[in-house]
Amino acid sequence: MTDQIREQVSALLDGELSRDEIGLLVRRMERDPELRRSFGSYSLIGETLRAPGGLTARPSFAARVSAAIDGPESGRVPDVPAAARSPAFWRRPAFATAIAAGVAVAGFLLVQPSTTTSPTSLVARPALVYRAAASPTPAQSQRLAGYLVAHSQFSSPMGRRSVWSGLLAADPSLQRVAYEIQDAP
Amino acid sequence: MANFPPSDGSIKPREPADDDSRPTAGVEQSDLELVKRAQRGERGAFDLLVLRYQHKVVKLVARLLRDPTEAEDVAQEAFVKAYRALGSFRGDSAFYTWLYRIAVNTARNSIASRQRRPLDYEADLSESEQTAVESRMRHTDTPEANVLSEEIRSTVNRAVEDLPEDLRTAIILREVEGLSYEEIAAAMDCPVGTVRSRIFRAREAIDRNLKPLLD
């Protein structure tokens with residue numbers, strides 16, 4: 001750890017860093033317990049100089065707070081507006097994977113047989129694809145709905161809606177299932 | 001060293017900076033930036049707010065409760081409540097003002113619940129004896145906490161006394177007088193970068209003395 005970084009920690013305590021610098025330093029400090037220790041110690045020095053006497057927090061206090069926040073009872077993210085959370089949410093791998101998979105299945109099931117397709121290529125395709133595109137059977141609809149229910153646990157309402165809208169255009173029989181899933185929390 | 005504060009009012013507080021590349025205008029803006037990051041899910045940012053205010057909050061709660069044995073538990077509860085309610089913080093007041101209110105309410109709730117709590121020794125003590133015991137409990141600081149606080153105070157003071165004059169002046173103007181780097185630079189007639197470096201070196205020197213106590 002260089003003195004330059006520690007000097008930034010000192011300046012952070014005094015509110016003398018730019019927002020960009022704060023962002024970089026916070027991420028660095030998350031990984032570096034020694035930098036966090038320095039920050040806590042600088043803070044204690046200031047508090048002692050300003051108001052000598054009285055009780056101060058023990059060195060383990062901040063770690064205790066962190067553990068309490070992470071604990072089973074308290075381990076909730078801050079109750080923040082959805083708009084503030086959405087950028088991070090969009091970057092979640094599970095979300096991206098679920099959407100990609102959903103779109104892939106939708107495309108797979110909705111593909112229309114081309115009139116110019118040769119008989120041999122039709123033979124090579126799975127029979128299910130052709131039948132689903134033409135007229136999905138109740139069993140296929142149920143299977144598809146089951147798939148989307150499973151994915152709904154990993155995707156946002158917006159993501160589910162986009163997949164459903166594509167499917168509903170092709171199969172109105174899925175509408176009831178779609179509404180039930182979209183209304184779920 | 002230049003006289004401080006200047007009588008001509010030549011040192012003006014800076015206007016809040018909107019440009020990301022400029023320093024934030026003081027601790028409040030810096031706190032606000034950390035809060036915004038914590039609201040976006042950066043736990044590290046909230047941890048820094050805890051590190052910054054832990055001593056203030058513990059000290060405040062200890063004074064309100066008049067029972068240092070519970071002060072850290074109640075202060076911890078206040079920080080957890082603050083974390084959970086972070087989404088409702090809009091920045092209308094300073095973060096510490098908001099945290100201060102939470103800490104005061106948490107301490108008041110703790111006092112109220114302690115008054116409702118039946119005491120184990122209730123059946124064995126008369127009313128006057130109970131009052132005496134409770135009073136003694138409230139007023140008796142834990143020896144361990146007191147010794148540590150006293151050692152910290154004397155170590156910090158001794159370390160500050162030992163600092164070279166330029167470092168000592170810079171840290172006192174910052175921590176005791178609450179001046180910004182720009183204001184200190186004007187007072188000490190040196191560049192802002194020098195002020196930043198002096199304050200850092202002062203803190204490092206004090207920290208070297210303090211570290212054995214805190215490890």
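Contact here means heavy atoms within 4.5 Å. Helices (H or I, at least four residues) are DSSP runs, numbered from the N terminus. With those two terms, we can walk through this predicted model. In this predicted model, local features need pLDDT of at least 70, side-chain atom pairs count only at pLDDT 80 or more, and totals for chains, interfaces and linings use all residues. Residues are numbered from 1 along each chain as its sequence is written, chains are lettered from A and ligands numbered from 1 in the order in which they are written, and side-chain values use heavy atoms, with hydrogens and water left out.

Start in chain B, with a pair of helices. Helix α8(B) covers residues 181–188, and helix α9(B) covers residues 192–214. In α8(B), Tyr181(B), Glu182(B), Ile184(B), Ala185(B) and Met188(B) make the contact. Their partners in α9(B) are Val192(B), Val195(B), Arg196(B), Arg198(B), Ile199(B) and Arg203(B). By class, this contact of α8(B) with α9(B) has seven nonpolar, no polar and four charged residues. Ala, Val, Leu, Ile, Met, Phe, Trp, Tyr, Cys and Pro count as nonpolar, Asp, Glu, Lys and Arg as charged, and the others, Gly among them, as polar.

How do the two helices cross? Two packed helices are described by the angle between their axes and the distance between the axes. Axes are lines fitted to C-alpha atoms, for helices over the stretch in contact, and angles run from 0 to 180 degrees between N-to-C directions. The axes of α8(B) and α9(B) come within 8 Å and cross at roughly 100°. The two helices are therefore roughly perpendicular (65 to 115 degrees).

Is α8(B) buried or exposed? Buried means under 20% relative accessible area, and exposed means over 50% (1.4 Å probe, protein chains only). Six of the eight residues of α8(B) are buried, so the helix is largely enclosed by the rest of the structure. Among them are Tyr181(B), Glu183(B) and Met188(B). The buried residues pack against α1 (3–13) of chain A, and also against α7 (165–175) and α9 of chain B.

Next comes the loop between α8 and α9 of chain B, where Asp189(B) lies. At 71% relative accessibility, Asp189(B) counts as exposed. Most residues other than glycine have a negative phi. Asp189(B) is not a glycine, yet its phi is positive, about 55°.

Chain A has a helix pair too. Helix α2 (residues 19–31) and helix α3 (residues 33–50) of chain A pack at about 110°, with their axes 5 Å apart. These helices are therefore roughly perpendicular to each other. Arg28(A), Met29(A), Glu30(A) and Arg31(A) of α2(A) meet Pro33(A), Leu35(A), Arg36(A) and Phe39(A) of α3(A). That contact divides into four nonpolar, no polar and four charged residues.

Now put the chains together. The contact takes 63 residues from chain A and 76 residues from chain B. Between them, the chains bury about 6600 Å², 57% of it on carbon and sulfur atoms. Such buried area is the accessible area (1.4 Å probe) that two parts lose on being put together, summed over both. In chain A, Glu16(A), Arg19(A) and Leu55(A) lose the most area to chain B.

Ala62(A) gives a close-up. This residue lies in helix α4 (residues 61–70) of chain A. Ala62(A) counts as buried, at 16% relative accessibility. Leaving aside neighbours within four places in sequence, Ala62(A) is in contact with Val50(B), Leu51(B) and Gln54(B).

Definitions and conventions:
Parallel < 35°, antiparallel > 145°, perpendicular 65-115°, else oblique.
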